[in-house]
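User: Could you walk me through how the chains of this model meet?
Analyst: Happy to! Let's look at it together.

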2 protein chains.
Amino acid sequence: MSHLHRFHLPPDTTDAGILALPEGEAHHALRVARLKSGETVEVFDGAGRVWRGAFEAAGKHEAVIQVVERAFEEPPTPRCTLVVAALHRPGAMEELLRRGAEVGVTRFVFFRARRSERPPRRDGKWERILVEVCKQCGRNWLPRIELTEDPIRIIASHAGTACIAAMTPEAGPVSSLEVTGDLLLAVGPEGDFTAEEVAALTEAGAVPITLGAYTYRSEVAAVLGATLLLQRAGAFA
Amino acid sequence: MSHLHRFHLPPDTTDAGILALPEGEAHHALRVARLKSGETVEVFDGAGRVWRGAFEAAGKHEAVIQVVERAFEEPPTPRCTLVVAALHRPGAMEELLRRGAEVGVTRFVFFRARRSERPPRRDGKWERILVEVCKQCGRNWLPRIELTEDPIRIIASHAGTACIAAMTPEAGPVSSLEVTGDLLLAVGPEGDFTAEEVAALTEAGAVPITLGAYTYRSEVAAVLGATLLLQRAGAFA
């Protein structure tokens, strides 16, 4: 699957045998990838539907796919949620989304922690980054992005293994963690969670884990922690 | 250790109780971090020596550290070498160095693979990136960077676990790999290794491993693979 050009369609696309590419995708196909009519391409809707078909230029700015093959892919398991405090450094949120989606994070939840400089604000770039990663990696489920004012509720209602990246003495390594069901990891902002926040999140069910002896920027800690949890749960096999 | 300002000195620095900061570090201390005389800072030479001391401005452009405390840190174990084909995309080598050093890669070896567009060429930025990461993470050993024309020799002479990220059917997951001693992972360029290269590297002792069902850019595969091997070897505890 990996060397085919991949295009993304909205999840509400109707499949009547011919799929019209959205403007941006058509532009990319015609002007950047310079696809020729007849070339086999792959299309995914980010919610499990995948098509193979023949690319066809339909005018200067339009392009369609003649569907040849359809498939539906089940959502990846385990699901992996990152609950991350809003970060203020430019690019940190984008790096988090890109790197997290690459390794298999399926849901990003942002909130304002005590030491976040401002509340999270959804950026149009975010979804484009996730689409880009899914195209590249061959993932057919687009990760979800949510903003919340109540991270405690999200952790308390999580079925599976919930953790918090913490520098507290009782934090254990991921390698000795019993992992079941879906995964969740909470990560603090620059300057980390306050002791009260750690207590509240732990109280809600998040198990403190350590990532080792070194200090990581929040977005690096989040991706590293998610990678270790996913590895522990048998992903990457 | 994590909230102290950290500065880097060359490994041939003589310690006579006062350490003069190199020009770039002095500039950063005086103009960017705006440190005040008397503030406690940390200094490392990238080869295990670490100092704590009092910062002192010594003129407009010079700064020194009055040493209060000295330590020597043993090199990290296991060592982890990435043997990576030269990548041609701008920024890919830098991303590899940054992300690799963050998770604990201790040595980067670059070579020209059959599908590398050009031979690797050392860039002055590379060491600055590694210094930056070590300052941030609290690592006191600077990773090494080598260029080679003979990756086979490096793999054949490796004592420990050597792997190659490969899409071959016999590639197994890292989670079922027996890991001993130092780690090494070979990763191909854009377009991957040729079958002949995989055969030669495997013949030299590299065990084929898979990173799962998805397709990663070379620099992402290298960092993900190194992370999984380091996790398997008990790092991050």
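**Where the chains meet**

User: How many salt bridges does the rule find across the interface of chain A and chain B?
Analyst: A salt bridge here is a side-chain nitrogen of Lys or Arg within 4 Å of a carboxyl oxygen of Asp or Glu. This is a predicted model, where local features need pLDDT of at least 70, side-chain atom pairs count only at pLDDT 80 or more, and totals for chains, interfaces and linings use all residues. Residues are numbered from 1 along each chain as its sequence is written, and side-chain values use heavy atoms, leaving out hydrogens and water. Across the interface of chain A and chain B, the number of salt bridges found is four.

User: Which residue forms a salt bridge with A:Arg99?
Analyst: The closest N and O atoms of the pair are 3.3 Å apart. The partner of A:Arg99 is B:Glu102.

User: How many residues does the contact take from chain A?
Analyst: Contact means heavy atoms within 4.5 Å. Chain B gives 28 residues, and the number from chain A is 28.

User: What is the area buried between chain A and chain B?
Analyst: Buried area is the accessible area (1.4 Å probe) that two parts lose on being put together, summed over both. Carbon and sulfur atoms give 57% of it. The area buried between chain A and chain B is about 2,700 Å².

User: Which residues in chain A lose the most area to chain B?
Analyst: Together they make up 23% of what the chain A side buries. They are A:Tyr214, A:Gln231 and A:Phe236.

Notes:
Chains are lettered from A and ligands numbered from 1 in the order in which they are written.
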